[in-house]
Amino acid sequence: MLDKYHRNINYMRISLTDRCNLRCVYCRPGLGLQAENSLASTSFGLQTIESLAFYKLAHSDVLRYEEILRIAHCAVALGITRFKITGGEPLVRKGAVDFIAKLKQIEGVEQVTLTTNGTLLEKNLPQLLACGIDGINISLDTLDKELYKQITGGGELEPVLNAIGKAVAAGLKCKLNCVPIKNSFVNSSVRADSPSSLKRNETEADLSLSASKKNILDLVEFAGSLDVPLRFIELMPLACNNFLSSYSGTEIREILSHAGYELRPLKESLGNGPAVYYEASKNHKKQIIGFIEPLHHKFCGSCNRVRLTSTGQLKPCLYSKSTLDLRQLLRSRSSDSEIIKALQQAIYEKPMGHHFEEKPATFNMNEIGG
C-alpha cells in the first residue's frame with residue numbers, strides 16, 4: 001500500500017524477541033555512559049558485561065506466534081508481502097524456525113528472510129533449508145577472535161564462521177553485515193589530562209584507526225573469498241552507544257580505494273532494504289560491497305518498511321515513538337477487518353523521515369529488531 005508520501009510499503013521486519021545471547025556494544029542496554037566511564041578491561045573500557053543491567057520483557061508481554069501470524073495475514077491483505085525475521089537474536093526463541101515455516105506458507109507471502117548473529121545458525125541450518133528460507137543476513141564485525149569477544153560481550157567467533165561457511169556451501173543466499181566501529185581498538189583508560197597522556201592518546205588513536213582499517217579490509221577479503229555481499233552499516237546514534245563512532249560509507253570507500261579496489265556503483269537493488277551496492281574489483285576479482293548510511297546518505301524518501309516489535313507495537317519509522325498497539329487489538333478480540341483498518345491508517349501516516357542527525361534515539365536496538 002501507499003503512505004501519504006506515495007511510498008510503496010511492502011516490507012515488514014518482525015522482531016520475535018528482545019533477548020539475545022550476545023551483548024554487542026552498539027545494540028544492547030546498559031552499555032552507554034556506564035561503559036564509557038568504566039576502567040578498561042577491554043579496548044572498549046568495559047567491565048565484565050554480564051554485571052551490567054539488562055532489561056528483559058515478561059513472557060506475557062511478547063506476542064505469541066499465532067498472534068504474529070495473524071498480523072502477517074492482515075499485512076498481506078494490504079500488500080505487504082516481504083518479511084524479515086529479527087530479534088534480539090531470533091533463534092534464541094524456541095520454535096522460531098517452525099514459525100518461519102508457517103509464515104512462508106501464508107498465501108501471498110513472497111519472501112521471508114532472517115537476520116541473525118550466526119551463533120545458533122549452524123544447528124538450525126538444516127531446518128531453515130527445509131522450510132525454504134529465502135535468505136540470511138549474518139552479523140560479522142571482525143575476524144579477530146579477541147575483538148569479537150570484546151564487541152559481543154564474550155561471544156565465540158568460530159561457530160559463526162563455521163555457520164557462514166555451511167550456509168554458503170548449502171547454496172543459501174547470504175549477506176554479511178558489519179557495523180564499522182572506529183574506536184574499537186582504543187583503550188579508554190588512557191585519559192588526555194596531561195601533555196604526556198595526550199601524546200600517548202594520540203599515538204594509540206593512530207594505532208586504533210590503522211587497526212580498524214585493517215579490520216575492514218580483512219572482512220572485505222573474507223566476503224570476497226566466499227562470493228557473498230558485505231554490507232557496512234553506519235552506526236545509528238542511540239543513548240546506549242553514544243561513546244562509539246563509526247566510519248561513514250565515504251570513508252570506507254576511500255579506504256578501499258587506497259587499498260587498490262576499484263568501485264563501480266550498481267543500479268540494481270540486491271534486496272528489500274536501503275543498501276546501495278558497488279562492484280569492487282581488485283586483481284581481476286570482483287565482489288559486491290553494500291552501504292547503509294542512515295545519517296550521511298539519508299534514504300527515508302524511498303523507505304518501504306514498517307517494523308513489528310516483539311511486544312506487538314507497529315513502528316512505521318525506526319526512529320518514531322508513535323506506534324500502533326497491535327497486541328492490545330489482538331487481545332481485545334478485534335476482528336481482522338479492524339486490525340487491517342488500523343494497520344492501514346498507521347502505515348498511511350508513516351513519517352517522512354527520521355531525526356537521528358538531530359538527537360540520538362532513546363530505545364535500544366534489540367528492542368525494535370534493528
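**Entry 1: a pocket**

I looked up the second largest pocket and found about 280 Å³ of space in it. I noted what a pocket is: on a 1 Å grid over the protein atoms alone, it is an open set of points with protein on both sides within 12 Å along at least five of seven lines. A cavity is a set of points where a 1.4 Å probe fits but cannot get out. Lining residues have an atom within 4 Å of a point. Grid points are joined across faces, edges and corners, and a volume is the space filled by probe spheres set on the points.

This is a predicted model, where local features need pLDDT of at least 70, side-chain atom pairs count only at pLDDT 80 or more, and totals for chains, interfaces and linings use all residues. Residues are numbered from 1 along each chain as its sequence is written, and side-chain values use heavy atoms, with hydrogens and water left out.

Which residues lie nearest the centre of the second largest pocket? I listed L16, T17, H59, V62 and R93, out of 14 lining residues. By class, this lining has six nonpolar, three polar and five charged residues.

I followed R93 from the pocket lining. R93 lies over the face of Y65, at 4.0 Å from the ring centre. The rule asks for NZ of Lys or CZ of Arg within 6 Å of the ring centre and within 35 degrees of the ring normal.

Next I counted aromatic pairs and got three. Rings of Phe, Tyr and Trp (its six-membered ring) pair if their centres lie within 6.5 Å; planes under 30 degrees apart are stacked, over 60 edge-to-face and the rest tilted. Y65 and F99 are a stacked pair, with 5.1 Å from centre to centre and 20° between the planes. Y65 sits in helix α2 (residues 65-77) and F99 in helix α3 (residues 96-104), so the pair ties together parts 34 residues apart in sequence. Helices (H or I, at least four residues) and strands (E, at least two) are DSSP runs, numbered from the N terminus.

Buried means under 20% relative accessible area, exposed over 50%, and partly exposed in between (1.4 Å probe, protein chains only).

**Entry 2: an edge-to-face pair**

The ring centres of Y278 and F291 are 5.5 Å apart and their planes are at 90°, so I logged this pair as edge-to-face. Y278 is in strand β8 (residues 276-282) and F291 in strand β9 (residues 285-292), 13 residues apart. Y278 is buried at 15%, and F291 is buried at 1%. I also found F232, Y278 and F291 in one aromatic cluster. R253 lies over the face of F291, at 4.7 Å from the ring centre.

**Entry 3: the sheet**

I traced an open sheet of 12 strands with mixed pairing, in the order β7-β8-β9-β6-β5-β4-β3-β2-β1-β10-β11-β12. Two strands pair if DSSP finds at least two bridges between them. Which strands stand at the edges? They are β7 (262-265) and β12 (324-325); each has a single partner strand, so one side of each is left without a neighbour in the sheet.

Strand β6 (residues 230-233) runs parallel to β9, joined by four bridges. R231 stands opposite G290 in β9. Strand β3 (residues 111-116) also has four bridges, to β4, and these two run parallel. T115 has N137 in β4 as its bridge partner. In β4 (residues 135-139), four of the five residues are buried.

**Entry 4: the cavity**

I found one cavity of 30 Å³ or more. The largest cavity has a volume of about 60 Å³. Of its 10 lining residues, D141, V179, P180, I181 and N215 are closest to the centre. Helix α7 (residues 195-226) gives the most to this lining, with three residues.

Most residues other than glycine have a negative phi, and most peptide bonds are trans. The bond from G87 to G88 is cis, with omega near 5°. N283 is not a glycine, yet has a positive phi of about 50°. N283 is in the loop between β8 and β9, and is exposed at 63%.

Notes:
Nonpolar A, V, L, I, M, F, W, Y, C, P; charged D, E, K, R; others polar.
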